Amino acid sequence: MNQERVYQVVFGPHISEKATIVAEGSGQYVFRVAKDATKPEIKKAVEQLFEVKVQSVHTLIQKGKVKRTMRGVGKRNDVKKAYVRLAEGQEIDFLAAE
């Protein structure tokens, strides 16, 4: 996988309360990914970006909320997220990567 495609697949970490709890407990990390990204692509991209060994990848599409505005009804964009489980002893330090 070329370097350009890596940055098109993985947009960055998804930071939330649930993502933090999952990362501390089971060694899983949550990333926002492209809607057309496949599990093997996500695995290769994370391994290249962070130099870790990925054990498994689970994906989901979070549907955007419907919100009422002054001009009527609007909808937020859908987001595809990937839960990436790393091999034993592996971890990602997002602060050191910057």
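**Reading the strands**

Tutor: Begin with a hairpin: 2 residues link strand 4 to strand 5. Keep in mind that the model is predicted.

Student: How do you know that strand 4 and strand 5 pair?

Tutor: Pairing needs at least two bridges. Strand 4 (residues 66-69) and strand 5 (residues 72-75) are joined by 4 bridges, so they count as paired. They run antiparallel. Within this pair, Thr69 lies opposite Gly72 of strand 5.

Student: What makes strand 1 and strand 2 a pair?

Tutor: The cut-off is again at least two bridges. Strand 1 and strand 2 (residues 28-33) share 3 bridges, so they pass. Their sense is antiparallel. Pro13 has Phe31 in strand 2 as its bridge partner.

Student: Which strand order does the open sheet have?

Tutor: The order is 1-2-6-3, in an open sheet of 4 strands with antiparallel pairing.

Student: Why are strand 1 and strand 3 said to stand at the edges?

Tutor: Strand 1 (10-13) and strand 3 (54-62) each have a single partner strand, so one side of each lacks a neighbour in the sheet. From one strand to the next, the twist averages 30°.

Student: What does helix 2 touch when it packs on the sheet?

Tutor: Helix 2 (residues 17-26) touches strand 2 and strand 6 (79-86). Contact requires heavy atoms within 4.5 Å. The direction of helix 2 makes about 140° with that of strand 2.

Student: And which strands does helix 3 touch?

Tutor: Helix 3 (residues 39-50) touches strand 1, strand 2, strand 3 and strand 6. Its direction makes about 120° with that of strand 3.

Technical notes:
Residues numbered from 1 in each chain as written. Predicted model: local features only at pLDDT ≥ 70, side-chain atom pairs only at ≥ 80, totals over all residues. Heavy atoms only, no water. Axes fitted to C-alpha atoms, helices over the stretch in contact; angles between N-to-C directions.
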